[in-house]
Amino acid sequence: MEDNMKETTPDLTRISKYMSLILRHKPQVIGIHLDAHGWADVNALLAGISRKYSINRDILDEIVSRDEKQRYSFSEDGTKIRANQGHSIQVDVELTLTEPPEMLCHGTARRFAASIEAQGLLSGSRLYVHLSPDQETAEKVGRRHGEPVIYLVDAGQMHRDGYCFYLSANGVWLTKVVPATYLKRLEDRLTPN
């Protein structure tokens, strides 16, 4: 009986990753459209995901509320949902221009360090470069990609020099680019595994 319970219990992590793909990069995978601000109709999302995974509104609510990174938001009336940031498709998630703290952090894998130190931080396939408010968060991000390297970003000086910063609904700082002159690599200051 217990084994049957496990089989019918939805894998929230797997569904969340699929939602991230849909709401950030490829809504066409399930035949939905995002509006200009990245919103998707909740019922259309549920119908599309249900072709691959067992999902209902209660499961969706649980995914959104439990997500440590607060990746998703519902509209005020609860009929729409969107990813808070991380899009590779052109959407305006209605970010407010915000003055950043003096220092922000960026965590990445060591294999990208030479490129970053030569070119700076580029948004690549995403709309923005993602920056963390602290070293601990940046380290967690870096570990997801390999052996981590942390960069301090002189965000205050960038702002004074005319670069724009935005703070997403889930606390991630966003900017279009970080030139290498505003970066300082932290060496051997990472916490042990």
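Mentor: E94 lies in the loop between strand 3 and strand 4 (104-109); helices (H or I, at least four residues) and strands (E, at least two) are DSSP runs, numbered from the N terminus. This is a predicted model, in which local features need pLDDT of at least 70, side-chain atom pairs count only at pLDDT 80 or more, and totals for chains, interfaces and linings use all residues. Residues are numbered from 1 along each chain as its sequence is written, and side-chain values use heavy atoms, with hydrogens and water left out.

Trainee: What is the phi of E94, and is E94 buried or partly exposed?

Mentor: Accessibility is read in classes: buried is under 20% relative accessible area, exposed is over 50%, and partly exposed is in between (1.4 Å probe, protein chains only). E94, a residue other than glycine, has a positive phi near 55°, and its relative accessible area of 43% makes it partly exposed. Q70, in the loop between helix 4 and strand 2 (72-74), has a positive phi near 50° and is partly exposed at 45%.

Trainee: Which residues touch the most other members of the largest nonpolar core?

Mentor: In soluble globular proteins, nonpolar side chains tend to be buried together. A nonpolar core is a set of buried Ala, Val, Leu, Ile, Met, Phe, Trp, Tyr and Cys residues joined through side-chain atoms within 4.5 Å. Here the largest has 23 residues, with M19, L23, L45, I49, L60 and I81 touching the most other members. Helix 2 (12-25) is one of the elements that each supply at least two residues of this core; its share, 6 residues, is the largest.

Trainee: Which residues are in contact with L23 beyond its neighbours within four places in sequence?

Mentor: Contact means heavy atoms within 4.5 Å. Those residues are L34, A40, L45, Y72, I81, R82, A83 and H87.
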